[in-house]
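Please look over the chain shown below with its side-chain pairings in mind.

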Amino acid sequence: MVIKNAKQLKGELEVPGDKSISHRAVMFGSLSEGITEITHFLQGADCLSTISCFSDMGIEIVNQTASNKVIVRGKGLRGLKRPSGVLDVGNSGTTMRLMSGILSGQSFDSVMTGDESIQRRPMDRVIAPLSQMEADIKSLTGDGRAPLKIRGKETSLKGILYESPVASAQIKSAILLAGLYADRPTSVTEPYVSRNHTELMLKRLGAEIIINNTTASILPEPKLKGDKIEVPGDISSAAYFIAAGLLVPNSELVIKNVGINPTRDGIIKVCEQMGADISLDNIRNTDTEAIADIIVRSTSLKGTIVGGELIPTLIDEIPVIAVMACFAKGTTIIKDAAELKVKESNRIDVMVQNLTLMGANVTATEDGMIIEGGNGLKGTSIESKADHRIAMSFAIAGLLSEGDTEILGAECVNISYPNFYADLNGLIQG
Ligand code: S3P
């Protein structure tokens with residue numbers, strides 16, 4: 001994919017459904033009784049992997065791709081069937097980690113694997129707490145990575161209070177989901193609150209969830225009941241257009257129906273810190289999640305510090321924040337973000353290497369990066385490393401660069417945003 005410097009962006013768009021919420025709607029709908037009707041479902045490869053895993057476990061799921069509607073005929077907490085083969089999560093960490101929790105509570109054996117990237121990512125972070133719950137789950141490679149083998153259990157898991165060393169919604173969700181099958185309440189305490197879509201959606205479907213500061217607790221064996229779930233637009237996808245609308249000159253963009261859950265809206269806060277002209281309109285609630293239209297206009301940005309409790313609320317937006325920082329006046333420091341190293345790629349290394357190739361002044365640190373803004377970027381050839389967020393971040397960098405930018409492995413955007421390039425093209429003026 002070749003991206004050219006853009007003179008102006010204008011228009012309105014609606015980004016696809018939230019990836020985290022689309023996954024959860026299929027999973028929790030499968031564990032509920034009756035029909036769950038999901039609208040604005042994300043037709044990205046990751047969420048399709050979740051559908052195929054639950055179909056493999058006997059759940060009837062109809063995906064009406066033309067209207068992004070998915071109907072799940074749930075069978076309750078004990079309705080899943082033993083899959084006939086290995087469950088393939090593709091590239092999806094969310095599918096593997098959340099399913100680890102669910103499968104730990106089943107009476108049948110299962111094996112889960114995925115693509116090359118998934119097989120490199122740490123799964124010991126869910127294996128350890130689930131083992132404390134007396135789940136029989138192990139890494140078949142013996143080094144805490146996929147494939148994972150889970151042995152079925154006839155007895156309940158043991159409810160625990162787990163103190164998670166990292167703020168991770170995937171870890172928290174795996175434990176809370178295993179807690180559905182436990183003998184007593186299960187709690188997870190995090191250093192900072194990570195995205196809370198699991199808690200909100202399970203509660204809506206009938207689970208008893210208690211929140212106390214950074215601790216989420218769940219009571220076992222609820223009767224979950226299927227319902228309608230409207231998936232908000234994905235703020236992580238909106239982030240690319242937020243950045244582009246702020247940085248391409250003379251631009252104004254309206255991004256409609258975006259989820260603005262406070263555990264996900266760090267990108268908006270960082271834009272404000274950087275002095276951006278960004279505002280929210282039409283703020284409203286779906287049954288579980290807040291949504292709004294986001295309006296951005298071109299602004300000269302200034303450098304900022306991004307760290308601490310803000311990090312889990314924008315973890316997937318850090319690559320595009322790093323691009324923004326290259327065009328901001330002064331220094332931007334991104335810290336407390338060591339989690340970036342264990343995403344679809346090592347996002348600290350890959351961002352620093354690629355931005356350096358484009359002429360940026362950027363240094364990797366142990367837990368983030370430091371960017372001196374104001375030098376601009378020059379187009380060149382960029383490796384996406386099969387990481388969708390890297391490809392999309394450099395597409396935005398390309399709009400802002402002198403000369404052409406070539407993204408190698410550009411098709412990985414299919415993971416979370418199949419129409420990304422077309423949507424971007426639709427906004428370019430002149
Ligand atoms: C996700 C949680 C985050 C995020 C990922 C989706 C989720 O990962 O990076 O893209 O849906 O729960 P961690 O929980 O590992 O931080």
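Predicted model: local features only at pLDDT ≥ 70, side-chain atom pairs only at ≥ 80, totals over all residues.

Residues are numbered from 1 along each chain as its sequence is written, and side-chain values use heavy atoms, with hydrogens and water left out.

Q: How many aromatic pairs does the rule give?
A: Rings of Phe, Tyr and Trp (its six-membered ring) pair if their centres lie within 6.5 Å, and planes under 30 degrees apart count as stacked, over 60 as edge-to-face and the rest as tilted. By this rule the count comes to five.

Q: Why is the pair of Tyr-240 and Phe-420 classed as it is?
A: Tyr-240 lies in helix α8 (residues 235–247) and Phe-420 in helix α13 (residues 420–425), 180 residues apart, where helices (H or I, at least four residues) and strands (E, at least two) are DSSP runs numbered from the N terminus. The ring centres of Tyr-240 and Phe-420 are 5.8 Å apart and the planes stand at 75°, so the pair is edge-to-face.

Q: Which class does the pair of Phe-241 and Phe-420 fall into?
A: This pair again links distant parts of the chain, with Phe-241 in helix α8 and Phe-420 in helix α13, 179 residues apart. Because the centres of the Phe-241 and Phe-420 rings are 5.7 Å apart and their planes are at 55°, the pair is tilted.

Q: Is Phe-241 buried or exposed?
A: Buried means under 20% relative accessible area, exposed over 50%, and partly exposed in between (1.4 Å probe, protein chains only). Phe-241 has a relative accessible area of 0%, so Phe-241 is buried.

Q: Against which elements do the buried residues of α7 pack?
A: Helix α7 (residues 197–205) has His-197, Thr-198, Glu-199, Met-201, Leu-202 and Leu-205 as its buried residues. Contact means heavy atoms within 4.5 Å. The buried residues of α7 pack against α1 (19–30), α6 (169–179), β12 (209–212), β13 (215–218) and β14 (228–230).

Q: Where do Asp-18 and Arg-264 lie, in the pair that links distant parts of the chain?
A: A salt bridge is a side-chain nitrogen of Lys or Arg within 4 Å of a carboxyl oxygen of Asp or Glu, and the closest N and O atoms of Asp-18 and Arg-264 are 2.8 Å apart. Both residues are buried. Asp-18 is in the loop between β2 (10–14) and α1, and Arg-264, 246 residues apart from it, is in the loop between β15 (252–259) and α9 (266–273).

Q: Why does Lys-19 count as buried?
A: Lys-19 forms a salt bridge with Asp-46, with the closest N and O atoms 3.4 Å apart. Asp-46 lies in helix α2 (residues 45–56) and Lys-19 in helix α1, so the pair ties together parts that are 27 residues apart in sequence. Lys-19 counts as buried because its relative accessibility is 10%.

Q: What is the relative accessible area of Glu-366?
A: The side chains of Glu-366 and Lys-341 meet in a salt bridge (3.1 Å, N to O). Lys-341 counts as partly exposed, at 31% relative accessibility. Glu-366 is exposed, and its relative accessible area is 62%.
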